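I want its overall build first, then one pair of side chains.

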Amino acid sequence: MNALSPTTIWLAIALLGVGTFAIRFSFLALASGRPLPEWAMRLLRYVPTSVLPALVAPMVVWPPATNGELDPARLAAAITALAVGALWRNVLAAIGAGLAVLFGLLALGF
């Protein structure tokens, strides 16, 4: 197997960074000063709602702390957070309830 040189790696990182910036900047530059279409605004409302579950779901299903094995404590914490969030529609309450259940069950040895 051939290892890549540090110069090649840094060049790839720089090019990927420039490409990512160009993609994001082009959207912002084209939309600046003009209102977005109603369909785009309607879709963008769901972005914050989908980001947190997308970040948390892999840590619940394949937690690194248990070498990828499903953990009952983390699963119970996720279900609790989901239930509290759906019931009270409060993100901070959902996060707090999930943390309390997770740390409580881990302290009890689950």
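**Entry 1: the fold**

I read along the sequence and noted the pattern α-α-α-α-α. I counted five helices and zero strands. The radius of gyration is 21 Å, well over the 13 Å that the globule rule gives for 110 residues, so the chain is more spread out than a compact globule. I keep in mind that this is a predicted model.

I then looked up the extent. Along its principal axes the C-alpha trace spans about 50 × 50 × 15 Å. How much of the chain counts as buried? I found 11% of the 110 residues. The chain exposes about 9,000 Å². Carbon and sulfur atoms supply 75% of that area.

I also checked contacts along the sequence. Among those with a separation of 6 or more, 37% come from residues 24 or more positions apart.

**Entry 2: helix H1**

I took helix H1, residues 6-31, and checked its length. H1 has 26 residues. From its first C-alpha to its last, H1 reaches 38 Å, close to the 38 Å expected at 1.5 Å a residue. Just after H1 I noted Gly-33, with a positive phi of about 85 degrees.

**Entry 3: the salt bridge**

How many salt bridges does the structure hold? I found one. Asp-71 forms a salt bridge with Arg-74, and the closest N and O atoms are 2.4 Å apart. I also have the two side chains listed as joined by a polar contact of 2.4 Å.

Where do the partners sit? I placed Asp-71 in the loop between helix H3 (47-61) and H4. Arg-74 lies in helix H4, residues 72-88.

Are Asp-71 and Arg-74 buried or exposed? Both are buried. The cut-off is under 20% relative accessible area. Asp-71 has 8%, so it counts as buried. Arg-74 is at 18% relative accessibility, so it counts as buried too.

**Entry 4: what surrounds the pair**

Asp-71 touches Pro-63, Thr-66, Leu-106 and Phe-110. Arg-74 is in contact with Met-59, Val-60, Pro-63, Ala-65, Thr-66, Leu-102 and Leu-106.

Asp-71 and Arg-74 are both buried, and they form a salt bridge. It is the one salt bridge that the structure holds.

Note on methods
Residues are numbered from 1 along each chain as its sequence is written. This is a predicted model: local features need pLDDT of at least 70, side-chain atom pairs count only at pLDDT 80 or more; totals for chains, interfaces and linings use all residues. Side-chain values use heavy atoms; hydrogens and water are left out. Helices (H or I, at least four residues) and strands (E, at least two) are DSSP runs, numbered from the N terminus. Buried means under 20% relative accessible area, exposed over 50%, partly exposed in between (1.4 Å probe, protein chains only). Contact means heavy atoms within 4.5 Å. The expected span of a helix is 1.5 Å times one less than its number of residues. A salt bridge is a side-chain nitrogen of Lys or Arg within 4 Å of a carboxyl oxygen of Asp or Glu. A polar contact is a pair of N or O atoms within 3.5 Å; within protein, one must be able to donate a hydrogen and the other to accept it, and residues adjacent in sequence count only if both atoms are side-chain atoms. The radius of gyration is taken over C-alpha atoms; the globule rule is 2.2 Å times the number of residues to the power 0.38. Accessible areas come from the Shrake-Rupley method with a 1.4 Å probe; for residues, only the protein chains shown count as cover. Lists of a residue's contacts leave out its neighbours within four places in sequence.
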